[in-house]
Amino acid sequence: MTLAELTDGLNPEQRRAVATLDGPLLILAGAGSGKTRVLTRRIAALLARGTVGEGAFAPWLRPWNILAVTFTNKAAGEMRHRVEALVGESARHVWVSTFHSTCVRILRQDIEPLGWRRDFVIYDDDDQLRVIKAVLEEFKISPKELPPAAVRGRIDRYKNGLSAGEYLARSDPFPKLLASYDARLKKANALDFNDLINKVVQLWTENPAVLTRWQDRWRYVLVDEYQDTNPAQYSLLKLLAGEARNLAVVGDDDQSIYRFRGADLRNILEFEQDFPGAAVIKLEQNYRSKGNILKAASGVVRNNKARKDKTLRTEAEDGELVKLLMTEDDAAEGETIVNTMLRLGRNWSDYAVIYRTNALSRQVEQVLTRNRIPYTLVGGRKFYDRMEVKDILGYLRLLNNPDDDIALARVVNVPARGLGDKAMESLRAEAARHGTNLRAAARALGGTGGRAGNALAAFSLLMDRLEGVVPLMPLSDLVAYVATETGYIAMLEAEDTDEARGRIENIRELQRSAAAVLEEPDDDGNVPEPGPMSLRYFLDRATLSGQADELPDEGAGSVTLLTAHLAKGLEFPVVFVIGMVEKGFPHARAELEEDIEEERRLAYVAFTRARERLFLTSPRRRRGLEGWYEDAVLSRFVHEIPEDALSGREPGRGHMPAWRLGNLTPLGRGTPAAAPSRPGWSSERPAPARAPAPTRSFARPAGLRTLVPENLDSFITGAEVLHPSLGIGTIQTRDGTPGNPRLTIHFAGAGPRTVYAVTAALELVIRS
DNA sequence: GAAAAGACCTTTTTT
DNA sequence: AGGTCTTTTC
């Protein structure tokens, strides 16, 4: 294929991006500007230039000299696929992969100078937590005063190079915790996610000869989603690019949404300083969305300060206005969405529902289920995170690496083998005494007789037997063999519940994905042989697979539900963004100006997923932290949408209700103040159109007026309340703490009961 | 040692 | 409200 053919049908900027092959290049690609198209054609253009004849390549630009890095396996797979479709066979040798997989590949070959063995294992965040818990125990710090998740956050920040300015108090235990954490990983021959990147940087920095070898292999480097790179990834790219500087990065500063994970916007904003003489190309022509959608999204993101100036333009017509749908409460958002979908009457797969936090998916799911609308929930609990899958993988990990103490601790008593805390304690003591791993300790104690001794002997024998089988079996058979021989399947069968049957099914699914490993070539085109190699390859994949990798197939015929983060890079004809309220989107934890700007970029990403129609929903009130309703305030991002692109917003006001619950306090003593009568408020919410809400077992008396106070102080002695299942009652006593009052209530139907106001979902009855 | 009941914490986003 | 981890009970 010639360059002319490859740039056919592209606009001038795209053409330039495809044809600029040497030296540093920054492509600023706005949402929907044909970024992937440009990237794939650019790879094809490199291949074309390196081809000197049928299957013959110039020695300075062979297919395997090209590296393309993405953030998700899904994106990598798609790009590989598209390049292959474009140029055929020779694309197979181009290395298209994620940052993490690429680093695993490098380290599998070259990690030894750093003191790890080449068969190292990768610890995911769950493993991290287990290690941290052990560390905290070592230093006698209770997880209450120092939550393991907080330690993990700090370790991650440190490893991402973000904690340089962090104040270290003299008494701060963090350095010793980190040291112990790292020592434990090293002992288990393990690396965590951040190590994968950092160790490559360290390796290359300390061993220039190794770096030169990789620079020689990858002479042309392309990076997708460059705005999401963190400092470690930046260092890695800078090293790899070396003096040749054939580094092309594609990104959009307006779509940088991974600051919390260490992404540094400066990487893209300062690319030109970092690589002097870099060519910069802006792709500002949007081919995805109708005009009004673009107007809305641009209007929002324009309010950010930290951004490169740019304006997306489109030749598409304006289309329908972006529509704001106000609903009574968050439960009604789902109903409204479904009604709108039914009214539009399109294919289910045309619709996507996008939300800020995973928790919001639930209510939408409920309504979809009730209406028998097929949907696919992306993310949430990913497949490899499921307990039974992790258990079986735990056995496989232990077979792969006897030093993996975390894996042993996970599986040693699943199914139950009489090896509880006591046994684990002596196991750890034995291991510490001889400086061995738990696996060896189990073998040693297995000869000592006694209850635990016999159980350990049996476990050791089992593991020995499984180990012997590893080289003999194809991977999928091994998975099945492990699941059966360990008694895991029998344990689930004995449970005889739907849940257990589902778990068995998941293990079968794991087996199927293991079978696929044997058919699928890896990045270098090799199909792994049965035995330890394929096992390790399989475990790597299981650990590195992410949530974005399990997107629904196009033809699935179902509505897609996903977070704004997972939606990046995708597009749908009709998009609903739900929960457009302050403290929801933007999220409550976004306080700093930089945080808000990131939220704004996230909103921009969410909006620009839509091709034809964009709906925003916003509840007037929503459930607060403990089941309480609180007033919701329309998201500032909705206010930032230009008025001529939006319909549904009442001019002049937000959507604050005419009277606010907050005005009720302070209440007089004795009986609750009478609330202004106002139909359509909490008491007269229309019942759901179809099935009655299953949670409420008490039939609410018709015409009863209640309100949900935002303040627990409203529940005073003598007040009349409505409980969701116990009905109407009067508060007799109130004690407990001010923040967590305990009430005894005399219910008309159920008699006296004691409840905590925080959790009981009580409403105040209003008698006027 | 395992099942049942209870405290407790959670919710930001993820390779 | 709901799930997870911890404590209690058999």
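**Close-up views of a predicted model**

**View 1. The loop that holds N189.** N189 is found in the loop between α8 and β7, the latter covering 190-192. The model is predicted. Phi of N189 is near 55 degrees. That is a positive value in a residue other than glycine.

**View 2. The crossing of α7 and α8.** Helix α8 takes in residues 174-187, and helix α7 takes in residues 148-159. Their axes come within 11 Å. The crossing angle is roughly 80 degrees. The two helices are therefore roughly perpendicular to each other, α7 against α8. From α7, the contact draws on V151, R154, I155, Y158 and K159. From α8, F174, L177, L178, Y181 and D182 meet them. By class, the residues of this α7 and α8 contact are 7 nonpolar and 3 charged, with no polar ones.

**View 3. The open sheet.** Six strands form an open sheet with parallel pairing. Their order is β5-β4-β8-β9-β1-β10. Which strands stand at the edges? They are β5 (95-98) and β10 (279-283). Each has a single partner strand, so one side of each is left without a neighbour in the sheet. From one strand to the next, the twist averages 15 degrees. Strands of a sheet pair through backbone hydrogen bonds, either parallel or antiparallel.

View 4. Strand β4 spans residues 66-70. It runs parallel to β5, and 4 bridges join the two. Within this pair, T70 stands opposite T98 in β5. Helix α4, residues 73-87, packs on the sheet. The strands that α4 touches are β4 and β5. The direction of α4 makes about 165 degrees with that of β5.

**View 5. The protein surface around DNA strand B.** There are 22 residues around DNA strand B. Which of them come nearest? These are F71, H100, R356, A416 and R589. Of the atoms of DNA strand B that come within 4 Å of the protein, sugar and phosphate account for 60%. The residues of the surface near DNA strand B comprise 11 polar, 8 nonpolar and 3 charged.

View 6. What part of DNA strand B lies 2.5 Å from a backbone N or O atom of F71? It is a sugar or linking oxygen. H100 uses its side chain: an N or O atom there is 3.0 Å from a base oxygen of DNA strand B. G418 uses its backbone: a polar atom there is 3.4 Å from a phosphate oxygen of DNA strand B.

**View 7. The crossing of α19 and α20.** Helix α19 covers residues 421-434, and helix α20 covers residues 438-445. Their axes come within 8 Å and cross at roughly 105 degrees. That angle makes α19 roughly perpendicular to α20. On the α19 side, the contact is made by M424, S426, L427, R428, E430 and A431. On the α20 side, L438, A441, A442, A444 and L445 take part. The contact of α19 with α20 has 8 nonpolar residues, 2 charged and 1 polar.

**View 8. Two cis peptide bonds.** Where is P415 placed? P415 is in the loop between α18 (405-411) and α19. The peptide bond from V414 to P415 is cis. Its omega is near -5 degrees. P586 lies in the loop between β17 (572-577) and α27 (593-607). The peptide bond from F585 to P586 is cis, with omega near 10 degrees.

Notes: Residues are numbered from 1 along each chain as its sequence is written. Chains are lettered from A and ligands numbered from 1 in the order in which they are written. This is a predicted model: local features need pLDDT of at least 70, side-chain atom pairs count only at pLDDT 80 or more; totals for chains, interfaces and linings use all residues. Side-chain values use heavy atoms; hydrogens and water are left out. Axes are lines fitted to C-alpha atoms, for helices over the stretch in contact, and angles run from 0 to 180 degrees between N-to-C directions. Angles under 35 degrees count as roughly parallel, over 145 as roughly antiparallel, 65 to 115 as roughly perpendicular and the rest as oblique. Contact means heavy atoms within 4.5 Å. Ala, Val, Leu, Ile, Met, Phe, Trp, Tyr, Cys and Pro count as nonpolar, Asp, Glu, Lys and Arg as charged, and the others, Gly among them, as polar. Two strands pair if DSSP finds at least two bridges between them. A residue is near a molecule or strand if one of its heavy atoms lies within 4 Å of it. A polar contact is a pair of N or O atoms within 3.5 Å; within protein, one must be able to donate a hydrogen and the other to accept it, and residues adjacent in sequence count only if both atoms are side-chain atoms.
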